[in-house]
Number of protein chains: 2
Amino acid sequence: MRGQLALGAWMKPSVVTIEPNGHFCSDCAVRDFAVCSSLDPAELREFERLGRRVHFAASGTAFSEEDITTSFYNVLEGVMRLYKLLPDGRRQIVGFALPGDFLGMNISGRHNFSADAIVAVTMCQFAKAAFGRFIETRPHLLRRINELAIRELSHARDHMVLLGRRSADEKVAAFLLGWRERLSSLEGSSETISLPMSRQDIADYLGLTIETVSRTFTKLERRGVIEIIHGGISLLDPAQVEALAAA
Amino acid sequence: MRGQLALGAWMKPSVVTIEPNGHFCSDCAVRDFAVCSSLDPAELREFERLGRRVHFAASGTAFSEEDITTSFYNVLEGVMRLYKLLPDGRRQIVGFALPGDFLGMNISGRHNFSADAIVAVTMCQFAKAAFGRFIETRPHLLRRINELAIRELSHARDHMVLLGRRSADEKVAAFLLGWRERLSSLEGSSETISLPMSRQDIADYLGLTIETVSRTFTKLERRGVIEIIHGGISLLDPAQVEALAAA
DNA sequence: CTCCATCTTTGATCCCGATCAATGCTGCCG
DNA sequence: CGGCAGCATTGATCGGGATCAAAGATGGAG
């Protein structure tokens, strides 16, 4: 069956370190584009006391689907995979979280996907209750959260099109461009795209198997469109990739 | 290619009728579960003046992807398909809208999907600017909208799993159960499920072809699991369908 | 350094669902 | 009532991507 997950990769225990307080939101790397961008300096100082930094080692799990939500998280550093599992082990990655992403919002009181670290991750953790109280009197923060949710929803719909209606080649090409786009807003534009996630992660994100992803990369490389480098790929012919992704 | 759309179905001109005002939100069928459930009676009277009722005949288009968003909509009656098209005509239906659904929220100022009526539809239309002003001073309405967005996001992620990781049989079974669930909250639970959308719509929602949907229905009927009736299906053996959908 | 586990690539084959092709069904309009 | 257009079903065949299998690559532990 497609997307069967080998045991091992995700069974490792979460490794989490909680840092003592003493960080300043005003110095934070994601200050300008995360949820906190909606807060003024005075609010920020109050906000500071709500959160604490937590670290997860690579492959550590921040939370699992169906866990009761006790915290919200703001990703500060690293990359996470967000995924859902079917009872038989098939996995669908519903997104990758990068610095600035806000995790944990839901209606049911339980997480509706699992999240684990792909590389070492630092997050700002907020107790749900305290965060809820803080937001109560800050409609601009609520508006910011709403904005992020609506943006996510739009991505989710784009991804539905990819999953339901695109060929393997198109999926891979669209993934490379989308990932490059996200990286570029964090660390500047580049033709070299770092891919911290495994081939299996890419496959589970695109609704393919690992073999198909690997073969597609190889095919693109043979055509001279990309070059497979250590820990990522290099776009030799971006226009060609865009043509593939477009339709 | 999968999901190619026959011309004709969606080329028909939108048919829209705008009713003169004179409706009361307090009498509205969706008053208790749509966005407006967050408003108190006094606010509701003010809200009343913001919206106007619009009607769309079957297959009429309320808005198209990339159109500049000038209005938000609250579905009062009927069923709509929400979809995205690829340049070559492949279509992915990202959802069906039913009474109580709120449409039009986006970040870019442009709709990120198209919406058209499957059967005659009545909606409550709000000018974006006026609605924005109204919400400005009503954080509880914003919270309600946020709630709806987060609920949608959760559905979107469930649907990604379906599109990326489920077989045709599982997709069809999950669709029938999901649709029954939605109908039951509107018109009460029943083993008879009305399916106002075409087979092509179902296929484009599930990432399948019309032939596969048709064959799967026939197969389920032959097994005695469902009965295909005019305008819908009847669940003869719900447990069996659930077993199929679960995985 | 070697060893071993994990990840990635490559090859051979299979099969589910797409595609191609009729035929049947339904309802609308004259 | 017949004709016709659009939908739905069914059958035959094809092919993209899954599955099965094995051989590289890579990297961390000792």
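The report below takes up the model, the relation of the copies, their contact, the helix pair and a sheet.

## Basis of the model

This is a predicted model, in which local features need pLDDT of at least 70 and side-chain atom pairs count only at pLDDT 80 or more, whereas totals for chains, interfaces and linings use all residues. Residues are numbered from 1 along each chain as its sequence is written, while chains are lettered from A and ligands numbered from 1 in the order in which they are written.

## Relation of the two copies

Chain B can be laid on chain A by a turn of 180° with a shift of 0.0 Å along the axis, giving an RMSD of 0.0 Å (superposed by least squares on the C-alpha atoms of residues with pLDDT of at least 70 in both copies). The two copies are thus related as by a two-fold rotation axis, and the same surface serves both, since 100% of the contact residues of chain B recur in chain A.

## The contact between the chains

Chain B and chain A each give 37 residues to the contact, where residues count as touching if their C-beta atoms, placed from the backbone, lie within 7 Å. On the side of chain B, the elements that give two or more residues are β6 and α3 (helices are DSSP runs of H or I with at least four residues, strands runs of E with at least two, numbered from the N terminus). The largest share of that side, 20 residues, comes from α3(B).

## The α3 pair

Helix α3 of chain A and helix α3 of chain B, residues 139-165 in each, pack with their axes 9 Å apart and at an angle of about 20°; axes are lines fitted to C-alpha atoms, for helices over the stretch in contact, and angles run from 0 to 180 degrees between N-to-C directions. That makes α3(A) roughly parallel to α3(B), a term for angles under 35 degrees.

## A sheet of chain B

An open sheet of 4 strands in chain B has the order β3-β8-β5-β6, with antiparallel pairing (two strands pair if DSSP finds at least two bridges between them). In this sheet β3 (61-63) and β6 (91-97) stand at the edges, each with a single partner strand, so one side of each is left without a neighbour in the sheet. Neighbouring strands are turned by 30° against each other on average, direction ignored.

β3(B) is joined by 2 bridges to the antiparallel strand β8 (residues 114-117) of chain B, and Thr61(B) has Asp116(B) as its bridge partner there. α3(A) packs on the sheet, touching β5 (80-85) and β6 of chain B, and its direction makes about 130° with that of β6(B). Helix α5 (residues 199-206) of chain B also packs on the sheet, touching β5 and β6 of chain B, with its direction at about 105° to that of β6(B).

Terms used: Parallel < 35°, antiparallel > 145°, perpendicular 65-115°, else oblique. Contact = placed C-beta atoms within 7 Å.
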